[in-house]
Amino acid sequence: MNQFNLIDEKWIPVRFPDGSREDLGIRDTLLRAKEIATIEDPSPLVVAALHRFLLAVLYRALEDPTDIARAKALFKAGLPGDKIKAYLDRWHGRFDLFDQGSPFLQVPGYLPKESKGEKTWKSWTVLAAEHNADNAKVLFDHIEVGDSGAISPQAAARWLLASQTFALGGGNSDFQYTKSAPSATAAMAIPIGMNLEDTLLFGLSPQNREIMRTDLAIWEKSPDTMDSLKSGPERIPTGLVDLYTWRTRSVRLDPDSNSRVSRLAFASGVGRGPSEQVDPMLGYRIDEDKGKLPIQFRELGIWRDFDSLLPDQSHLAPQVIEHAIALTRTSPDRFPQAVMILGQLNDKAKIVFWRMERFALPKALSGNKSIRAAIRQLLDDANDAQGSLYSACCSFARDLLSRGDRKPAGKDIKGFVGQMPVNPWYWSSMESRFHEILREYTLERDSEDIRCQWLKSVRNTLRAAWDQHRASVSMGDAWAIRALAKAEGPVCRKLKYLDEEIQKYEPQKEDT
């Protein structure tokens with residue numbers, strides 16, 4: 001009989017401070033968390049799912065923190081190994097990936113429907129966004145879904161968690177129409193500490209004592225029955241543990257004699273009903289029509305919405321970031337080294353990309369300084385300058401395409417501008433500079449000095465972008481030269497405005 005217990009077996013990929021890597025079981029990962037630098041996997045979705053899973057285990061093992069005072073005491077004392085060991089020993093049998101009665105995160109007894117007398121097993125690739133041709137075929141992914149071979153139980157466990165956390169809805173299954181995971185399309189924030197223990201403690205956002213008592217993990221509950229899942233159940237989360245261990249999909253792995261997995265049963269799980277439950281890893285925005293919505297990735301990256309990740313009076317920033325700042329206010333040497341933003345961008349049921357971005361977390365936040373508005377101003381500066389660049393590009397495209405009295409269609413102008421390298425180059429350059437400027441926000445630095453630096457970067461990048469475009473225009477083409485001369489007005493006006501703004505922060509010295 002196959003056995004693979006996640007508490008004992010090595011399957012969680014970690015990196016140590018010296019750069020060495022190893023796979024560990026749940027017990028060793030948590031008990032040695034202070035020795036571990038970070039969880040590290042090629043898939044950002046696996047990394048996010050593993051953090052959420054380990055946090056769920058800790059919430060249940062500790063039944064804490066229930067308020068900020070207890071969270072600070074826990075942060076000072078460190079993770080209690082005795083409670084973690086006792087909890088894992090108590091529920092040891094429920095963490096077996098191939099247990100017959102209660103296979104971890106699966107539906108016991110679930111077999112796929114038959115078609116033409118045969119079971120319609122799914123390939124293991126349906127678990128992994130990187131290899132799932134149904135919603136995201138990757139350019140350099142050479143795995144054939146019809147002949148995908150088998151994967152190790154370690155990989156199966158990792159992708160099983162990632163699938164439950166990030167599965168997208170769309171299409172019918174053996175049971176019902178599939179729905180997305182509760183936080184499938186959101187950008188998840190994870191403050192990174194000096195070691196994995198600090199990272200996990202940052203993630204343990206306090207939860208009400210009464211909620212904590214009844215907020216059970218999926219492995220602590222009686223397994224869902226086939227009949228209940230076929231009815232398309234929907235409910236609201238009881239708390240954070242329930243949310244972090246949500247059954248988005250009904251799965252049953254079918255291992256071979258070597259415990260490798262090539263096929264599985266895969267169908268809809270439990271839908272999440274309307275709920276005010278806030279996910280501590282997510283930042284939110286207020287939509288006039290739809291209310292509170294999670295921040296999502298955009299094509300140009302999350303950095304252009306970075307201010308939404310920083311705490312202010314609105315309390316829309318990820319709670320884990322607010323919590324990390326609160327914990328380290330009296331321990332500045334343990335202030336988060338960075339914040340990871342992980343997730344995926346989708347187009348309905350299709351994945352556009354999955355991504356992990358890493359940012360320095362401004363240390364000025366530890367001094368109760370509200371810098372969200374200041375960073376929003378920097379982003380607005382960059383957006384406004386790019387607006388002038390885009391306007392100039394549209395003018396150039398329109399005049400070049402017209403070549404006389406012909407009025408080009410808007411879509412043709414937009415298409416022409418879209419293939420010009422000048423705008424992507426501008427954004428790429430500004431993103432690199434943004435990562436640098438975040439480190440300038442220390443307790444000692446003045447925000448006006450930082451903005452002055454930023455405005456100079458915006459001005460220099462805008463000028464360099466337009467100079468590159470000017471150099472690319474053929475000087476032997478009279479139409480192009482005329483279009484270029486007419487187009488550069490918005491850029492010139494913006495450069496003049498930026499010079500004037502910089503002058504306000506750097507008044508000219510009097511002649512001596």
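A: Begin with a definition: a contact means heavy atoms within 4.5 Å. Note also that this is a predicted model.

Q: Which elements do the buried residues of α10 pack against?
A: By that contact rule, the buried residues of α10 pack against α3 (68-77), β7 (188-192), α6 and β14 (338-347).

Q: How many residues of helix α10 are buried, and which are they?
A: A residue is buried if its relative accessible area is under 20%. In helix α10 (residues 319-328), 8 of the 10 residues are buried, and the helix is mostly covered. The buried residues are V320, I321, H323, A324, I325, A326, L327 and T328.

Q: How do I read directions along a helix?
A: An α-helix has 3.6 residues a turn, so residues three or four places apart point the same way. In α10 the list of buried residues includes V320, H323 and A324, and also I321 and I325.

Q: What is the overall build of the protein chain?
A: The protein chain has 16 helices and 15 strands. Its radius of gyration is 26 Å; a compact globule of 512 residues would have one near 24 Å, so the two agree. Along the principal axes, the C-alpha atoms fill a box of roughly 80 × 60 × 45 Å.

Q: What do burial and contacts look like over the protein chain?
A: Of the 512 residues, 53% count as buried. Among contacts with a separation of 6 or more, 70% are between residues 24 or more positions apart.

Q: What is the accessible surface of the protein chain, and how far apart are the mean positions of its charges?
A: The accessible surface comes to about 23700 Å², and carbon and sulfur atoms contribute 48% of that area. There are 69 positive and 70 negative charges, and their mean positions are 2 Å apart.

Q: How is an aromatic pair described, and how many aromatic pairs are there?
A: A pair of aromatic rings is described by the distance of the centres and the angle of the planes. Rings pair if their centres lie within 6.5 Å, and planes over 60 degrees apart count as edge-to-face. The count by this rule is 18 aromatic pairs. One of them is formed by F53 and F95, at 6.4 Å centre to centre with 65° between the planes, and is edge-to-face. F53 lies in helix α2 (residues 44-62) and F95 in the loop between α4 (81-90) and β4 (114-115), so this pair ties together parts that are 42 residues apart in sequence. Both F53 and F95 are buried.

Q: What geometry does the pair of F434 and W454 have?
A: The ring centres of F434 and W454 are 6.0 Å apart and the planes stand at 75°, so this pair is edge-to-face. F434 and W454 are both buried.

Q: Which residues do ring pairs link into a cluster?
A: The cluster is made up of W303, F306, F359, Y426, W427, F434 and W454.

Q: Where does the backbone have a cis peptide bond or a positive phi?
A: A cis peptide bond joins D64 and P65, with omega about -5°; P65 is in the loop between α2 and α3. L105 is not a glycine, yet has a positive phi of about 60°. L105 lies in the loop between α4 and β4 and is buried, with a relative accessible area of 9%. H315, also not a glycine, has a positive phi of about 55°. H315 lies in the loop between β13 (291-294) and α10, and at 55% relative accessibility it counts as exposed.

Q: How far apart are D28 and K85 in sequence and in space?
A: D28 and K85 are 57 residues apart in sequence and 9.9 Å apart in space, C-alpha to C-alpha. D28 is found in helix α1 (residues 26-31) and, at 31% relative accessibility, counts as partly exposed.

Notes:
Residues numbered from 1 in each chain as written. Predicted model: local features only at pLDDT ≥ 70, side-chain atom pairs only at ≥ 80, totals over all residues. Heavy atoms only, no water. Helix = DSSP H or I, 4+ residues; strand = E, 2+ residues; numbered from the N terminus. Rg over C-alpha atoms; globule rule 2.2 N^0.38 Å. Buried < 20%, exposed > 50% of the residue type's maximum accessible area, 1.4 Å probe, protein only. Areas by Shrake-Rupley, 256 points an atom, 1.4 Å probe, with all protein chains shown as cover. Lys, Arg positive; Asp, Glu negative; His and termini not counted. Charge placed at Lys NZ, Arg CZ, Asp CG, Glu CD. Phe/Tyr/Trp six-rings, centres within 6.5 Å; stacked < 30°, edge-to-face > 60°.
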